[in-house]
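Here is a note for a colleague opening this entry for the first time. Please read the points in order with the model on screen.

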Amino acid sequence: MKITKNSVVEVIYEVTVDGQVVDTVSKDAPLDYIQGMGMLIPKFEEEVEGHEPGYEFDFIVKPEDEYGEPDPKNIVELPKSAFTVNGVLRDDLLVEGNFIPMFNSANQVCQGKVAEVKDETVVMDFNHPMAGKTMNFKGQVLTVREATEKELTEGLHGEFLPQEEHHCHCCGGHGHEHGEEGGCCGGHHHEHGEEGGCCGGHHHEHGEGECCCGHHHEN
């Protein structure tokens, strides 16, 4: 069976950036998704469209094809008081390179990277970890089948069902605004790898009041 819209596809892959492996999905835990639902970055779905199980892919995703270049508007300086929990400053979180989930102005959770820790403030970078980088995807299509009506309605893993709200308390719930749309990243996202997660081909569309902070929606 060839991959078309509403096909359930199972793949494995490895993502490299500048020769370094940043994300891997193996046969022990392959990635499955529904083609055409926007669960993976467009370039990925375009590459496998029309192919059958056994197809081996090897393609690159340039910054202009997905995450763009880093935006200075997504780098903000916050008071250290924004990193308190129950009145206690979480110094253990404030380590350069550490990723911290925080709330944006729309009360949604966003992943930010600690860029610099100063005496009274912390510089946070909310650009997508893959912004400005070229990703090389190499892998294979394992299986292809038609999605059931239930899967099309509820999602492959129930991701289209109403979800309970989950709030991050590690930063005390303090919000911050980024850019003109109130979002924190201005691009697509997913969580993976040592850099706070970004590759794996997963993505979300981000409009007003949205931010990038999801991987595969499994609840």
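**Notes on the predicted model**

1. The accessible surface of the protein is about 11,300 Å², and carbon and sulfur atoms hold 45% of that area. Areas are by the Shrake-Rupley method with a 1.4 Å probe, and for residues only the protein chains shown count as cover.

2. Residues are numbered from 1 along each chain as its sequence is written. This is a predicted model, in which local features need pLDDT of at least 70 and side-chain atom pairs count only at pLDDT 80 or more, while totals for chains, interfaces and linings use all residues, and side-chain values use heavy atoms, with hydrogens and water left out.

3. The protein has two helices and 11 strands, where helices (H or I, at least four residues) and strands (E, at least two) are DSSP runs numbered from the N terminus. Starting at the N terminus, their order is β-β-β-α-β-β-β-β-β-β-β-β-α.

4. Of the 219 residues, 45% are buried. Buried means under 20% relative accessible area, exposed over 50%, and partly exposed in between (1.4 Å probe, protein chains only). Among contacts (heavy atoms within 4.5 Å) with a separation of 6 or more, 68% link residues 24 or more positions apart.

5. The largest nonpolar core has 28 residues; such a core is a set of buried Ala, Val, Leu, Ile, Met, Phe, Trp, Tyr and Cys residues joined through side-chain atoms within 4.5 Å. Residues with the most contacts inside the core include Val11, Tyr13, Phe44 and Phe137. Two or more residues each come from strand S1 (7–17), strand S2 (20–25), strand S3 (31–34), helix H1 (42–48), strand S4 (56–61) and S11. S1 contributes the most, with six residues. A second, separate core has 13 residues, among them Leu94, Ile100, Cys110 and Phe126. In soluble globular proteins, nonpolar side chains tend to be buried together.

6. S1 and S2 are antiparallel and are joined by five bridges; two strands pair if DSSP finds at least two bridges between them. Tyr13 has Val25 in S2 as its bridge partner. The hairpin of these strands has two residues between them, and Asp18 in this hairpin takes a positive phi near 55°.

7. An open sheet is formed by four strands in the order S5-S10-S9-S8, with antiparallel pairing. Its edge strands, S5 (75–79) and S8 (99–103), each pair on one side only. From one strand to the next the twist averages 45°, with axes as lines fitted to C-alpha atoms (for helices over the stretch in contact) and angles running from 0 to 180 degrees between N-to-C directions. Within the sheet, S9 (residues 109–117) and S10 pair over four bridges, and Lys113 is opposite Asp125 in S10.

8. Where is His128? It sits in the loop between strand S10 (121–125) and strand S11 (135–146). His128 is buried, at 4% relative accessible area. A polar atom of the His128 side chain lies 2.9 Å from the backbone nitrogen of Met130.

9. Most residues other than glycine have a negative phi. Asn6 has a positive phi near 75°; Asn6 lies in the segment before S1 and is partly exposed, at 27% relative accessible area. Asn86 also has a positive phi, of about 55°. Asn86 is in the loop between strand S6 (84–85) and strand S7 (88–89), and is exposed, at 78%.

Terms used:
A polar contact is a pair of N or O atoms within 3.5 Å; within protein, one must be able to donate a hydrogen and the other to accept it, and residues adjacent in sequence count only if both atoms are side-chain atoms.
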